[in-house]
Number of protein chains: 2
Amino acid sequence: MSRSTPTRQRILDTALTSFGTTGVDGTSLDALARELGIRKQSILYYYPSKTELFRAVVDYAADSFIAELDAIVLDPQTEANDLGDVWAQVEGTVRVVFRLALRRPELLGMLREASRPGSDVAVQLTGRLSNHIQVAHHSLEIALKEGRVVGDDAQLLLFSLYSTIMGVATEVEVLRAMGIEPSLRSLTERRAELLRFLRAALLPAGR
Amino acid sequence: MSRSTPTRQRILDTALTSFGTTGVDGTSLDALARELGIRKQSILYYYPSKTELFRAVVDYAADSFIAELDAIVLDPQTEANDLGDVWAQVEGTVRVVFRLALRRPELLGMLREASRPGSDVAVQLTGRLSNHIQVAHHSLEIALKEGRVVGDDAQLLLFSLYSTIMGVATEVEVLRAMGIEPSLRSLTERRAELLRFLRAALLPAGR
DNA sequence: GACGGTTTCTACCAATTGGTAGAGACCGGC
DNA sequence: GCCGGTCTCTACCAATTGGTAGAAACCGTC
């Protein structure tokens, strides 16, 4: 448990950015070190191998994501209805994810990278998120039973929600291909339409 | 325009599979050649460089995807309502994508790979799909105007649909993390819930 | 000012990467 | 049986990969 915060942390940050944008395979330790202004061996001092570094970055990314989620979704003002207003939780999550898409896109990229099909760190990533997943699952299930939300299966519904939100937030290339250049304004519009879309999908006909 | 169909095609097929599962960076020409039972130089004879091969594979994947789409979505029985029943088109697309998820997951993986943020083949991929995108956009816009579908912006709505469908079909690791092991049965259930989800999101309250 | 621990470095290394040069094998036509 | 094109090979290559070994610099403590 060494107390060498600065370098170790800088490595983690830079690696997160690089892994999240260029991909793990697309990032060499040498390039990473160059970017940091140090030698590759200094990286290997803190993280004995590249895969070890990757694992650390995955944890770091997961924790950062959780921190952002907790700060907004479970913020003090929603204290009373912690498993209450599901729609408020969805709205909050969308807000968080889109704020990340704007300000820390590499974090979302990293999550996407870690959850690639066949990835062996996927278990690790989602294990760290399992708490949040279970909470969401639980409150969604209750809302389903009480008829406040429309759907058949809470788990699959949650999965659909996740896919939609993450997809709309991160599939920038597809968006670009459709003629929409990513920008602050287009991002806001995208979020608005997504919220409307999810609202229509989730809430009963009476709204 | 050489007539050396077999080898050239075999390379394309194997590369599509490998790129779609292991990723481009994760696939070396040597490994590819080994898998094919030939030497790397034979690959480089047909495709002068790895990026050239990648580009060819992207086109191949796009064309395969289009072929699958056309065979089902625009099949003869829907001749009359080519820009008619939008929901039927959505349903058909979902059916196609999920059939691919089961029978040719590497094709979906390849599409995902090619549309990674920052990918420079994304333009190429989506350029090839632009026809279908425009058609979908158009019929969605008409349905919006006529009130047969709920939404604000046809383009963003289409984007949301795409994200949801592709996400639900390909995010197997997230699914696994939620305790659902991918299988034929879970795939069918996922599709059913997705269709219900999309139906609720798209169609007006009266259904 | 010598000490042990932490940190960062130089110096290598074997293996793998994408790619080049060019020889030979295979093939139908003459 | 030889020729020209198509194809696949052997033989290399320079550069880069992740990683090891171990020397120095740096640090506060005694």
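1. A polar contact is here a pair of N or O atoms within 3.5 Å, where, within protein, one must be able to donate a hydrogen and the other to accept it, and where residues adjacent in sequence count only if both atoms are side-chain atoms. The model is predicted, and on that definition nine residue pairs, both members at pLDDT 80 or more, are in polar contact between chain A and chain B.

2. On the side of chain A that touches chain B, two or more residues come from each of α1 (5–22), α6, α7 (122–145), α8, α9 (172–177) and α10 (184–202) of chain A, and α8(A) gives the most, with 13 residues. By class, this side of chain A has 22 nonpolar, 15 polar and 12 charged residues.

3. The two chains bury about 4500 Å² between them, with 66% of that area on carbon and sulfur atoms. In chain A, the residues that lose the most area to chain B are F159(A), M178(A) and F197(A), which together make up 16% of what that side buries.

4. Two salt bridges are counted between chain A and chain B. The side chains of R116(A) and E113(B) meet in a salt bridge, at 3.0 Å from N to O.

5. At least two lining residues are supplied by each of α6 (105–114) and α8 (154–170) of chain A and α6 (105–114) and α8 (154–170) of chain B.

Terms used
Residues are numbered from 1 along each chain as its sequence is written. Chains are lettered from A and ligands numbered from 1 in the order in which they are written. This is a predicted model: local features need pLDDT of at least 70, side-chain atom pairs count only at pLDDT 80 or more; totals for chains, interfaces and linings use all residues. Side-chain values use heavy atoms; hydrogens and water are left out. Helices (H or I, at least four residues) and strands (E, at least two) are DSSP runs, numbered from the N terminus. Buried area is the accessible area (1.4 Å probe) that two parts lose on being put together, summed over both. A salt bridge is a side-chain nitrogen of Lys or Arg within 4 Å of a carboxyl oxygen of Asp or Glu. Ala, Val, Leu, Ile, Met, Phe, Trp, Tyr, Cys and Pro count as nonpolar, Asp, Glu, Lys and Arg as charged, and the others, Gly among them, as polar.
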